[in-house]
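Please keep the sequence and the model in view while reading.

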Amino acid sequence: MAMPQNSTRENGFCFTQPLDFSCASPRAGEAFGAMSARDGCSTPLSNGITSSGAASPSDSCAQPLCTPTPAEEETPFEEGIKYVSAEGEDLACGWGGFTPGCLQLCNTSKGVLFFLCVASFLQGMTVNGFINTVITSIERRFDLRSYQSGLIASSYDIAACACLTFVSYFGGNGHKPRWLGWGVLLMGLGSLLFALPHFTTGHYEARSAAQVGVCGGNQSLPCSQAASSLSGYRFVFMLGQFLHGVGATPLYTLGVTYLDENVKTNYSPVYIAVFYTAAILGPAAGYLVGGMFLNIYTEIGREIDIAPENTLWVGAWWIGFLGAGAASLLISIPILGYPQRLPGSQRYIVMRVSEAHQLKDGSHQKASDPDFGKTVKDLPRSVLLLLKNPTFIFLCLAGATEATLIAGMSTFGPKFLESQFSLSASEAATFFGYLVVPAGGGGTFLGGFLVNKFKLRCSGIIKLCLLCTVFSLLAIFVFFIHCPNMPMAGVTQMYDGSALPGGRLNLTGACNAQCGCLQETYSPVCGTDDIMYYSPCHAGCKRVSENLRNGKKVYYECSCVDKALLPGSGKAEAGKCTSSCVKKPLLLCFMFVVILFTFLSSIPALTATLRCVSDRQRSFALGIQWIVVRTLGGIPGPIAFGSMIDKSCLLWQDQCGEQGSCYVYQNSAMSRYTLVAGLVYKVLGTTFFIVACLLYKPPPAESAPGSSDASENGTSDLQEHKPSLPAEEDI
């Protein structure tokens with residue numbers, strides 16, 4: 001079936017004239033490396049590109065690199081001779097025998113990029129966006145402890161680490177789009193399973209009363225009723241996260257190498273950068289959209305007289321997972337229809353430059369064997385080749401340190417903003433989303449663009465990563481600066497304004513001694529004296545009404561609020577007092593720089609990893625790198641940052657005598673500990689990039705298979721075996 005031709009000449013590789021050159025040299029490219037003069041290719045070797053418009057699976061550039069004579073077609077190839085050609089290989093886009101012509105319009109590298117971007121966006125939005133946003137609501141709805149919700153979050157990384165070796169090794173030599181499609185399908189099933197407990201449990205009944213929290217009316221759930229059988233649903237959430245992890249495993253290993261194999265070497269970093277930018281925009285969208293859903297009551301359609309600020313409120317956490325699950329199931333269908341390689345991709349194999357690190361014993365050449373890595377018996381040798389590659393090892397370690405910072409920032413970035421600028425949890429999550437979109441997404445795309453713009457080789461790419469890491473290391477010193485804590489009665493100062501003796505909490509004062517306030521109900525209010533109070537009861541407030549202007553509750557007759565400041569005062573409004581920190585613009589500016597340069601090095605580091613290993617080991621190398629990154633960075637990163645930040649806690653939640661989460665942090669200590677953690681990991685990352693750069697040993701220029709330095713610009717060094725080629729069109 002003749003497929004529609006691509007007249008756009010994608011990536012500028014279509015020539016207007018036929019190119020004929022001799023087939024005599026085995027150095028003419030990796031695709032030709034296994035061929036010899038015995039093939040019977042006595043006719044001039046041609047790339048099959050003609051001006052006659054011959055039909056092909058995608059465009060006229062996809063014809064066989066060596067066109068055999070009719071006699072040759074009947075002659076079997078001798079043992080050891082490899083022939084790279086699209087003939088006899090189904091490169092049409094479709095499912096089985098169903099390959100309609102309209103689908104072939106998407107059978108290009110740009111089409112693959114679009115669908116993979118949608119998949120990575122959905123993965124980032126679900127795993128790194130929705131999960132982080134709704135975890136508090138899930139804890140409240142299903143009576144989970146913090147360590148139980150931590151297990152839910154960790155199930156993703158556990159699944160990924162368990163599957164990475166198997167998927168990257170066998171999938172790297174298999175049909176990558178099928179692995180990718182089934183992976184996205186599993187992600188969708190995981191999201192639907194994650195939302196299932198909402199539909200299998202009874203209605204959520206929140207205790208509500210107009211006077212809850214005021215002086216004399218403070219109520220708390222008795223500890224004997226706190227436990228319930230709903231905590232068993234944590235295993236359903238863990239299974240959903242496990243499916244997320246299994247499904248996402250091919251996406252960032254096989255997806256990257258599939259893009260890299262099917263585009264010109266110079267444009268590969270740009271394609272990968274776009275792919276990763278979508279993955280970074282996903283969590284930002286998850287924060288924003290998830291925050292919107294949490295403002296909707298979980299039991300849609302039921303009327304309730306409590307507001308989202310109330311600690312008993314549970315938002316509609318499940319809506320996002322339903323939508324993301326359905327979208328993942330749909331997007332997996334077109335991904336499953338792509339061929340093992342795209343039409344015309346063999347031309348990129350011919351012109352690819354090998355930049356693999358050269359081992360002293362020459363064992364790296366074993367990986368260039370087309371049969372290497374297709375069986376389990378080659379797995380130990382494949383691992384050994386990677387372990388003997390010092391550039392790859394130190395790039396993995398550098399990636400682990402950067403992943404630790406990224407994981408720490410994504411987990412505790414909103415909490416840092418919430419504490420420093422006295423924001424609500426939803427405001428902080430939204431604010432952080434606005435910060436990550438331009439810094440993280442822009443940095444990721446810019447990193448790939450710079451590699452393409454300056455035509456950087458592997459050593460130059462590592463130096464770019466080093467430069468970015470040094471800039472972010474310098475910018476992280478901004479955490480010497482902090483915003484002062486908003487004054488809070490009984491926490492940062494006494495009720496009369498004096499300092500707390502020995503820094504100990506004292507939530508009871510003469511003004512609220514008769515109110516019978518309980519510490520289990522934390523609902524901060526801001527008095528007209530610009531002092532925060534633990535709850536309306538702790539402020540001594542006796543009446544409550546709703547402010548029609550902003551919808552917030554206003555409390556009156558608050559005995560603890562200083563009435564001498566303003567006539568008719570003694571009022572308090574629900575929520576935290578607004579911070580007027582003058583250092584806020586400076587902090588945000590340098591946080592932007594830290595995020596920007598941290599993500600700016602991500603795509604160059606990934607590109608360097610792909611370049612410093614043999615072509616047949618790229619998928620497996622990414623799998624091993626992801627294991628190192630998750631084991632040393634992604635999993636312990638939030639734990640390391642969390643333990644550092646917990647040291648700055650001033651006020652802990654009291655759950656029936658047990659310590660819960662932290663309500664109030666000391667801003668100066670939080671900044672100091674964040675600075676220490678950031679410096680440690682940034683210095684380690686800088687060191688690892690320096691060592692990787694020093695130890696990298698590129699192949700000799702004369703032995704680079706397929707092309708010379710000029711081929712980075714699209715001109716093959718096959719010119720030394722043939723007449724000069726006409727100039728290639730540029731993109």
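**From a loop to the core and the salt bridges**

Asp-529 is found in the loop that runs between β3 (525–527) and β4 (532–533); helices (H or I, at least four residues) and strands (E, at least two) are DSSP runs, numbered from the N terminus. The model is a predicted one, in which local features need pLDDT of at least 70 and side-chain atom pairs count only at pLDDT 80 or more, while totals for chains, interfaces and linings use all residues. Residues are numbered from 1 along each chain as its sequence is written, and side-chain values use heavy atoms, with hydrogens and water left out.

With a relative accessible area of 11%, Asp-529 is buried. Here buried means under 20% relative accessible area, exposed over 50%, and partly exposed in between, computed with a 1.4 Å probe on protein chains only. The side chain of Asp-529 makes a polar contact of 2.9 Å with that of Tyr-533. A polar contact is a pair of N or O atoms within 3.5 Å; within protein, one must be able to donate a hydrogen and the other to accept it, and residues adjacent in sequence count only if both atoms are side-chain atoms. Asp-530 is also placed in the loop between β3 and β4, and its phi is positive, near 60 degrees, in a residue other than glycine. Most residues other than glycine have a negative phi. Another positive phi, near 50 degrees, belongs to Lys-455. Lys-455 sits in the loop between α12 (425–453) and α13 (458–475) and is partly exposed, at 34% relative accessibility.

Why is α2 described as largely enclosed by the rest of the structure? The reason is that 26 of its 34 residues are buried. After α2 comes Asp-143, with a positive phi near 55 degrees.

The largest nonpolar core contains 64 residues, and Phe-275, Tyr-276 and Trp-317 have the most contacts inside it. A nonpolar core is a set of buried Ala, Val, Leu, Ile, Met, Phe, Trp, Tyr and Cys residues joined through side-chain atoms within 4.5 Å. Helix α2 gives the most to this core, contributing 13 residues. Leaving aside neighbours within four places in sequence, Phe-275 is in contact (heavy atoms within 4.5 Å) with Leu-113, Leu-116, Cys-117, Ser-120, Leu-251, Tyr-252, Val-256 and Leu-259. Another core, apart from this one, has 35 residues, including Phe-412, Leu-417, Phe-432 and Ala-677.

Helix α16 (residues 618–634) holds Gly-633, which is buried at 0% relative accessibility. Not counting residues up to four places away in sequence, Gly-633 touches Ala-400, Thr-404, Val-628 and Pro-638.

How many salt bridges does a search of the whole structure find? The search finds 7, a salt bridge being a side-chain nitrogen of Lys or Arg within 4 Å of a carboxyl oxygen of Asp or Glu. One of them joins Asp-157 and Arg-630, with the closest N and O atoms 2.6 Å apart. Asp-157 belongs to helix α3 (residues 146–172) and Arg-630 to helix α16, so this pair ties together parts that are 473 residues apart in sequence. Both Asp-157 and Arg-630 are buried.

Glu-418 and Lys-576 also meet through their side chains in a salt bridge, at 3.2 Å from N to O. Because Glu-418 lies in helix α11 (residues 390–420) and Lys-576 in the loop between β7 (572–574) and α14 (584–600), the parts tied together are 158 residues apart in sequence. Glu-418 is partly exposed, with a relative accessible area of 21%, and Lys-576 is partly exposed at 26%.

In the salt bridge of Arg-543 with Glu-557, the closest N and O atoms are 2.9 Å apart. Arg-543 is in strand β5 (residues 543–546) and Glu-557 in the loop between β6 (553–556) and β7, so the pair links parts 14 residues apart in sequence. Arg-543 is partly exposed, with a relative accessible area of 42%, and Glu-557 is partly exposed, with a value of 42%. Finally, a network of salt bridges links Lys-176, Asp-260, Glu-261 and Arg-618.
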